[in-house]
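Q: Hi! Could you walk me through this structure, one piece at a time?

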Amino acid sequence: MREVYLDYAATTPVKQEVLEEMLPYFTEMYGNPSSLYTKGFEAKEALMQARSRVASLIGAKEREIFFTSGGTEADNWAVIGAAKSRKSKGNHIITSKIEHHALLHTCEFLEKEGYEVTYLDVDKDGLISLEQLKNAITDKTILISIMMANNEVGTIQPIKEIAAIAKEHGILVHTDAVQALGNIPIDVKDLCVDMLSISAHKIYGPKGVGALYIRRGLVITNLLHGGAQEYRKRSGTENLPGIVGFGKACELAEKSLESHIKKITELRDYFLSGIMSNIPDVEINGSMEHRLPGNLNLVFNYIEGEAMLLYMDLRGIYASTGSACSSASFTPSHVLQAMGVPIEKAYSSIRFTIGDFTTKEDIDYAVKEITEIVEKLRSFSPFDKDHVMETSQKCNCQA
Ligand code: PLP
């Protein structure tokens with residue numbers, strides 16, 4: 001059976017060139033970058049080369065890149081580190097309702113510690129309002145953290161404008177660019193952000209490695225304490241094979257950024273037109289204008305997203321639900337809810353994300369199979385145009 005992976009926002013396969021560059025750092029080049037002998041020096045050199053490659057992709061200086069265990073740690077460090085270091089100035093943080101849980105749960109943690117957090121609304125396209133942002137600022141605001149691109153609907157926020165507002169008020173700005181990296185151009189100097197989170201496994205690098213960009217001169221409180229690695233800011237022996245892989249993935253992403261964007265945008269649009277011309281009653285969640293090139297989040301009306309995922313899985317097609325129900329709470333996507341998507345449509349939403357290894361043949365196969373699956377599921381669905389499930393009925397599974 002053909003396998004069609006359409007979940008590149010969840011993770012990506014490690015590219016062959018990335019793997020090849022990583023392998024020697026598991027075996028013959030096993031040195032610790034902190035060791036003061038040849039094996040350590042060669043490890044340190046590899047670490048520095050990776051730092052330079054990562055920095056180059058986002059327009060940063062090498063000394064502004066601090067390797068972490070991934071996007072989650074980078075988000076935690078940025079928000080907690082900034083909050084703690086600015087505590088004497090204020091206790092108010094502004095973020096949005098559609099952030100990744102790595103950010104939202106960190107803010108919730110800080111709320112328990114006495115910080116106040118404003119969660120900005122988004123419009124139907126998933127965009128925050130700059131007016132609402134301005135109005136939310138108080139003399140206690142110390143940090144604004146808004147994601148560059150959303151992981152579910154791909155909405156790209158106006159980070160440069162957000163940073164300009166923050167700067168007017170002397171407030172720090174962080175952005176979670178985990179989904180944006182390698183998919184749109186990023187230049188930290190042009191954006192004027194103070195901190196930016198990235199992760200390797202979304203750009204054909206390994207899992208468990210990421211980085212936080214911290215603008216030169218900015219000091220935030222350390223999250224991890226121990227040795228003096230990462231310029232005394234992030235302790236722990238470096239995950240050198242992972243970091244080398246991240247560096248290589250960034251180098252490849254920088255070289256092919258333009259062609260990558262063109263290719264996945266074309267495939268995404270080809271997929272969309274195939275679905276729209278074959279299947280009735282399909283809607284798009286979010287804006288097509290301010291959107292990551294490979295992202296498509298679709299509502300297949302009258303169908304339960306989870307059921308559709310299972311049927312797709314049986315035919316080798318991998319995607320994810322927009323309504324990611326966790327078995328414990330059974331709540332629909334907080335992102336779609338914040339965008340005002342009705343609950344029954346949120347439950348009928350599927351996120352498809354296209355990447356470097358997707359082919360036109362994959363898309364043709366996916367469109368054909370999805371068309372059959374939708375027809376089949378709708379044929380025995382009690383929820384059709386004339387009989388849409390009551391919202392109240394739908395919700396009573398919530399914890
Ligand atoms: N932020 C966003 C927007 C993400 O999509 C993800 C991962 O899905 C993360 C943060 C967390 O990154 P990591 O998996 O590297 O911890």
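Predicted model: local features only at pLDDT ≥ 70, side-chain atom pairs only at ≥ 80, totals over all residues.

Here is a chat about the ligand's surroundings, some ring pairs and a few other contacts.

Q: How far is the side chain of D176 from a nitrogen atom of the ligand?
A: An N or O atom in the D176 side chain is 2.6 Å from that nitrogen. In the K202 side chain, an N or O atom is 2.5 Å from an oxygen atom of the ligand. For H100, a polar side-chain atom lies 3.4 Å from a ligand oxygen.

Q: How much of the ligand's accessible area does the protein cover?
A: The protein covers 86% of the 390 Å² that the ligand has on its own. Accessible areas come from the Shrake-Rupley method with a 1.4 Å probe, and for residues only the protein chains shown count as cover.

Q: New topic: how many aromatic pairs are there?
A: A search of the whole structure finds eight. Rings of Phe, Tyr and Trp (its six-membered ring) pair if their centres lie within 6.5 Å; planes under 30 degrees apart count as stacked, over 60 as edge-to-face and the rest as tilted.

Q: Why is the F66 and W77 pair called edge-to-face?
A: The ring centres of F66 and W77 are 6.0 Å apart and their planes are at 80°, so the pair is edge-to-face. F66 lies in strand 2 (residues 65-68) and W77 in helix 3, so the pair ties together parts that are eleven residues apart in sequence.

Q: Is F66 buried or exposed?
A: F66 is buried, with a relative accessible area of 3%, and W77 is buried too, at 1%. Buried means under 20% relative accessible area, exposed over 50%, and partly exposed in between (1.4 Å probe, protein chains only).

Q: What about Y204 and F357?
A: Y204 and F357 form an edge-to-face pair, 5.9 Å centre to centre with 80° between the planes. Y204 counts as buried at 8% relative accessibility, while F357 is partly exposed at 44%. Y5, Y8, Y204 and F357 form one aromatic cluster.

Q: Where does the charged end of R63 sit?
A: It sits over the ring of Y231, 3.9 Å from the ring centre. K39 lies over the face of Y30, 4.9 Å from the ring centre. The rule is that NZ of Lys or CZ of Arg is within 6 Å of the ring centre and within 35 degrees of the ring normal.

Q: Last one: what does the side chain of H92 make a polar contact with?
A: The H92 side chain contacts the side chain of T118, at 2.6 Å. A polar contact is a pair of N or O atoms within 3.5 Å; within protein, one must be able to donate a hydrogen and the other to accept it, and residues adjacent in sequence count only if both atoms are side-chain atoms.

Conventions
Residues numbered from 1 in each chain as written. Heavy atoms only, no water. Helix = DSSP H or I, 4+ residues; strand = E, 2+ residues; numbered from the N terminus.
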